[in-house]
Amino acid sequence: MSRTSTVERRTAETNIQATLTLDGSGQAVVQTGIGFFDHMLNLWAKHGLFDLTLTAEGDLHIDGHHTVEDTGIVLGKALAQAVGDKAGIRRYGTAFVPMDEALVQVSLDLSGRPFLHYEVDTRVERIGSFDTELTEEFLRAFADNAGITLHVMLLHGKNGHHIIEALFKALGRALDEATRKDERIVGVLSTKGSL
């Protein structure tokens, strides 16, 4: 059974469609109108081995906030739908990713209990047209809508591009680990019997 989902979100501020396949090969086609954000989502898919098609039209004449946050909402819902009942998945994932001088750790639990701990100083306000503080907004919307307990920490780094790139790669790798099926797991990996 293919673990694929398609989610669409239309508001007065954004129009976003995404199709996500968890058991993919890292192929992505992303168009949000924010070049650096597109690059990060492509990296996320590549390093998570997800296939992703995403288009977003947003009120970029105001700023990127609504587009980035709503993309987090859509991808969070898409992940939750693609994972389904969570039977047989490993549930937890952790990745450390270096990018030159930067090192980022992402640890997560597909627990159904949304939480974000974000301890990252990107050191710059903008990269291209991307407002770097929107990284946290994206992650919060993603975690809330996917039901993920998500911890993101910068261990060291100076270059904002390197820091955020390492973050998105680590997020992809940690999610790949957490969503992977393990034949030893019967039902869900919880003594409660549900997630």
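## Pairing of S7 and S10

In this predicted model, S7 and strand S10 (residues 149-156) pair in the parallel sense over five bridges; pairing requires that DSSP finds at least two bridges between two strands. Tyr-118 has Val-152 in S10 as its bridge partner. Strands (E, at least two residues) and helices (H or I, at least four) are DSSP runs, numbered from the N terminus.

Residues are numbered from 1 along each chain as its sequence is written. Local features need pLDDT of at least 70 and side-chain atom pairs count only at pLDDT 80 or more, while totals for chains, interfaces and linings use all residues; side-chain values use heavy atoms, without hydrogens and water.

## The sheet and its helices

The open sheet consists of four strands in the order S5-S6-S10-S7, with mixed pairing. Strand S5 (92-99) and strand S7 (115-119) are the edge strands, each pairing on one side only.

Helix H3 (residues 134-146) packs on the sheet and touches S7 and S10, where contact means heavy atoms within 4.5 Å. The direction of H3 makes about 160° with that of S7; angles run from 0 to 180 degrees between N-to-C directions, and axes are lines fitted to C-alpha atoms, for helices over the stretch in contact. Helix H4 (residues 160-179) lies across S5, strand S6 (102-109), S7 and S10, at about 150° to S5.

## The H1-H2 contact

The axes of helix H1 (residues 35-48) and helix H2 (residues 65-83) come within 12 Å and cross at roughly 20°. H1 and H2 are therefore roughly parallel to each other, a label for angles under 35 degrees.

Phe-37, Leu-41 and Trp-44 of H1 meet Val-68, Thr-71 and Leu-75 of H2.

Technical notes. Angles under 35 degrees count as roughly parallel, over 145 as roughly antiparallel, 65 to 115 as roughly perpendicular and the rest as oblique.
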